[in-house]
Amino acid sequence: MLDFIDGSQYELILYDDFLINELQLNYWLPVYLPQWSSRKKTRPSYCIENSILTLFIKDSQEPWCPEWNGQVRVSNLQTGVFSGEVGSVQGQHHFIEGLIVREKQEKEIKVALRYGYVECRARCNLSEENVAALWLIGVEEERKQSAEICLFEIKGWNVKESKAVIGYGLHPFGDYEIKEEFIEEEMFIDVTMWNTYALDWSENEILFFINGKMVRKIKQSPNYPMQLMLNLYDLENKKNEENTLEVDYVEVYQRKS
């Protein structure tokens, strides 16, 4: 946690430094939005070695949801899942209009916070077809509870030798009280090296930090529980197992009421 954040105002609810060479299932679900596809079709490829989580995409992985997302392949870990019955429209993260539940998901929320602090130390090796990201989404028992807080989004085509465009901010999706406020900013950081991304989310604003420096204050805020989504995408089905998102640790603190 950043030195100037008052730790007495927060309660630690997730800390994973990947010391154990297996996924901590008390935190993570190894799937990606399975309600729109299935758990079997959305299993990620990952390994945990030397206290590092590595997400990659096996050549044998198929597109996760060709019905609505074309040839996109993804390896993802998330901290909750929920949907309505098969054939309904109730489910998390309506990334496109017309989604229908294909596999019912019982409510399983492992980690969700309503206001708090999130920090992740990561590095990545990306080709132009890749996107690496960590974001929060509403648990979405109600459709309105669907905004996204993006901690970082790195697109392979925006990565240069010693700089990269880093995306972060807010997407409203179905939350009519939130305005689109997503920033893509070129920064002189090497994303193949370790960088620390953090946000402090309060009732009225969200502060974003990179390597301990505040880079943005957004003066709006979702007001419902949100879960984590950690992922690596292959947008074009290019099949390159050398492309990775590596994570040193993730920590999540809930603000005390």
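**Close-up views of a predicted model**

View 1. The model is a predicted one, in which local features need pLDDT of at least 70 and side-chain atom pairs count only at pLDDT 80 or more, while totals for chains, interfaces and linings use all residues. Residues are numbered from 1 along each chain as its sequence is written, and side-chain values use heavy atoms, with hydrogens and water left out. Gln-227 belongs to strand E15 (residues 226-234); helices (H or I, at least four residues) and strands (E, at least two) are DSSP runs numbered from the N terminus. A polar atom of the Gln-227 side chain lies 2.8 Å from the backbone oxygen of Gly-80. Not counting residues up to four places away in sequence, the residues that Gln-227 touches include Gln-78, Thr-79, Gly-80, Gln-92, Trp-135 and Val-139, where contact means heavy atoms within 4.5 Å.

View 2. The largest pocket has a volume of about 360 Å³, the volume being the space filled by probe spheres set on grid points that are joined across faces, edges and corners. On a 1 Å grid over the protein atoms alone, a pocket is an open set of points with protein on both sides within 12 Å along at least five of seven lines, a cavity is a set where a 1.4 Å probe fits but cannot get out, and lining residues have an atom within 4 Å of a point. Of the 17 residues that line the largest pocket, Tyr-32, His-93, Trp-135, Glu-153 and Tyr-233 lie nearest its centre. Strands E8 (130-138) and E9 (148-159) each supply at least two lining residues, and E9 gives the most, with 4 residues. By class, the lining of the largest pocket has 11 nonpolar, 3 polar and 3 charged residues, with Ala, Val, Leu, Ile, Met, Phe, Trp, Tyr, Cys and Pro counted as nonpolar, Asp, Glu, Lys and Arg as charged, and the others, Gly among them, as polar.

**View 3. Strand E13 between its pairing partners.** Strand E13 (residues 206-210) is largely enclosed by the rest of the structure, because 5 of its 5 residues are buried. Ile-206, Phe-208 and Ile-210 point one way from E13, whereas Leu-207 and Phe-209 point the other way. E13 pairs with strand E12 (residues 195-201) in the antiparallel sense over 5 bridges, two strands being paired if DSSP finds at least two bridges between them; in this pairing Asp-200 stands opposite Leu-207, and a hairpin joins E12 to E13 through 4 residues. E13 also runs antiparallel to strand E14 (residues 213-218), with 5 bridges joining them, and Arg-216 is the bridge partner of Phe-208. The hairpin formed by E13 and E14 has 2 residues between the strands, and Asn-211 in the turn has a positive phi of about 50°.

**View 4. The second largest cavity, lined in part by E13.** The second largest cavity holds about 30 Å³ of space and is lined by Leu-151, Ile-166, Tyr-168, Ala-198, Phe-208, Phe-209, Ile-210 and Val-215. Strand E10 (164-171) and E13 are the elements that give two or more residues to this lining, and E13 gives the most, with 3 residues. The lining of the second largest cavity has 8 nonpolar, no polar and no charged residues.

Notes
Polar contact = N/O pair within 3.5 Å; in protein donor to acceptor, adjacent residues only side chain to side chain. Buried < 20%, exposed > 50% of the residue type's maximum accessible area, 1.4 Å probe, protein only.
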